[in-house]
Amino acid sequence: MIYVALVPNLKGAERALAAKADELNLVMSASQTHNRANMRMSCESSLAAFGDIVCRVKGSGVLLNASVSAVALSRRARRATSARRTSYLCDEMGIPTDIDLEKLLALSRALPALLGHDVPGQVAKAGRNRDLHPGPDYVLQI
């Protein structure tokens, strides 16, 4: 049996290590609003905490994984409406969200180097649709 602990900060990681967890899953949200509501810190602070946790766990034999939630928030409802695909869809349609998609992609692409192994997430692999498939160079007049 493998015990996995969900840890948002160094204190959580230390508690998980004391409990003999086999794997730590580091968590944060790509949305400042969502991250502050759930982690009580900014996205930048969460990312800095990732680095502290990596340094603390290094050499312990405990596995590390990281999850960056891409929750899109409706400005009217102020509630989570879905995840990564919604943030891409809103970006493509020009609908503002609380997510900086460029930063999310950069962070997703940096996680393997930070953790020391590949990560299973698809955010970095997918990229933005308009980057993968540029629109036509003409403008359709109706």
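Read along the sequence, the protein runs β-α-β-α-α-β-β-β-α-α-α-α. That pattern holds seven helices and five strands. Helices (H or I, at least four residues) and strands (E, at least two) are DSSP runs, numbered from the N terminus. This is a predicted model: local features need pLDDT of at least 70, side-chain atom pairs count only at pLDDT 80 or more, and totals for chains, interfaces and linings use all residues. Residues are numbered from 1 along each chain as its sequence is written, and side-chain values use heavy atoms, with hydrogens and water left out.

**Whole protein**

- Of the 142 residues in the protein, 37% are buried. Buried means under 20% relative accessible area, exposed over 50%, and partly exposed in between (1.4 Å probe, protein chains only).
- The protein exposes about 9,100 Å², and carbon and sulfur atoms supply 55% of that area. Accessible areas come from the Shrake-Rupley method with a 1.4 Å probe; for residues, only the protein chains shown count as cover.
- Among contacts with a separation of 6 or more, 52% join residues 24 or more positions apart. Contact means heavy atoms within 4.5 Å.

- Strand β2 spans residues 23–29, and seven of its seven residues are buried, so the strand is largely enclosed by the rest of the structure.
- In a regular strand the side chains alternate between the two faces of the sheet.
- Glu23, Asn25, Val27 and Ser29 point one way from β2, while Leu24, Leu26 and Met28 point the other way.
- Strand β1 (residues 4–7) pairs with β2 in the parallel sense over four bridges. Two strands pair if DSSP finds at least two bridges between them. Ala5 stands opposite Leu24 in β2.
- From β1 the chain crosses through helix α1 (residues 10–18) to β2, and this β-α-β crossover is right-handed. Right-handed means that, with the strands pointing away from the viewer, the path from the first strand over the helix to the second runs clockwise.
- β2 also pairs with strand β3 (residues 63–69), in the parallel sense, over seven bridges. Here Met28 stands opposite Val68 in β3.

**Val62**

- Val62 lies in the loop between α3 (43–57) and β3. Its relative accessible area is 17%, so Val62 is buried.
- Val62 and Leu24 are 38 residues apart in sequence and 7.2 Å apart in space, C-alpha to C-alpha.
- Beyond its neighbours within four places in sequence, Val62 contacts Leu17, Ala21, Asp22, Glu23, Leu24 and Val57.

**Cysteines**

- Cys43 has 10% relative accessibility, so Cys43 counts as buried. Cys55 has 62%, so Cys55 counts as exposed.
- The whole structure has zero disulfides. A disulfide is a pair of cysteine sulfur atoms within 2.5 Å.
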